[in-house]
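Here are some notes to go with the model, for you to check against the coordinates. Open it up and follow along point by point.

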Amino acid sequence: MESFPLQVSVTARGNLPDGCTEIDADNIEVTRDGNTFEVSLKTKRPADAMCTQALEPFEVNIPLDVYGLEAGVYTVDVNGVTDTFEFTMDNVLE
């Protein structure tokens, strides 16, 4: 995102297995260990629901807490899918 300090969000896209399953937005977990952000997406589905048996696309944006991070390369892992981003300068206001 264009601002300073810099802001970063991850866009996760994929397919859910049926018309009743959805991303559990209240249960998205983001943790950081060193230069790696781990994002865990969980789904929810009503029990005993009658659902369409077709893949349903989804897209969710997840903000990362990047304020105060030093310049460097960072890895983001969303349920096993990884990518990187780089800060060329420290992300702090002086």
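1. A disulfide here is a pair of cysteine sulfur atoms within 2.5 Å. By that rule, the whole structure holds 1 disulfide, and C20 and C51 form it with their sulfur atoms 1.9 Å apart. The C20 and C51 link is left-handed, at -110 degrees about the S-S bond. It ties together distant parts of the chain, 31 residues apart: C20 sits in the loop between β1 (8-16) and β2 (22-23), and C51 in the loop between β5 (43-44) and β6 (56-64). C20 and C51 are both buried (under 20% relative accessible area; exposed is over 50%, partly exposed in between, with a 1.4 Å probe and protein chains only).

2. Some housekeeping. This is a predicted model, so local features need pLDDT of at least 70 and side-chain atom pairs count only at pLDDT 80 or more, while totals for chains, interfaces and linings use all residues. Residues are numbered from 1 along each chain as its sequence is written, and side-chain values use heavy atoms, with hydrogens and water left out.

3. Helices (H or I, at least four residues) and strands (E, at least two) are DSSP runs, numbered from the N terminus.

4. How does the radius of gyration of the protein stand against a compact globule of 94 residues? The globule would be near 12 Å, but the protein has 16 Å. That radius is taken over C-alpha atoms, and the globule rule is 2.2 Å times the number of residues to the power 0.38. The C-alpha trace spans about 55 × 25 × 20 Å along its principal axes, and buried residues make up 29% of the 94.

5. β4 (residues 36-40) is worth a look. In a regular strand the side chains alternate between the two faces of the sheet.

6. Next, the partners of β4. Two strands pair if DSSP finds at least two bridges between them. β3 (residues 29-33) and β4 run antiparallel, joined by 5 bridges, and R32 has F37 as its bridge partner in β4. Their hairpin has 2 residues between the strands, and G34 takes a positive phi near 65 degrees there. With β7 (residues 72-78), β4 pairs in the parallel sense over 4 bridges; E38 has D77 as its bridge partner in β7.

7. L16 belongs to strand β1. Buried or exposed, then, is L16? L16 is buried, with a relative accessible area of 8%. The C-alpha atoms of L16 and A54 are separated by 8.5 Å, although the two are 38 residues apart along the chain.

8. Finally, the largest pocket, which holds about 390 Å³ of space. On a 1 Å grid over the protein atoms alone, a pocket is an open set of points where a 1.4 Å probe fits, with protein on both sides within 12 Å along at least five of seven lines; lining residues have an atom within 4 Å of a point. The lining has 21 residues, with V10, T11, A12, V78 and V81 nearest the centre. β1, β6, β7 and β8 (81-87) each give two or more residues to it, and β1 gives the most, with 7 residues.

Terms used. Points joined across faces, edges and corners; volume = space filled by probe spheres on them.
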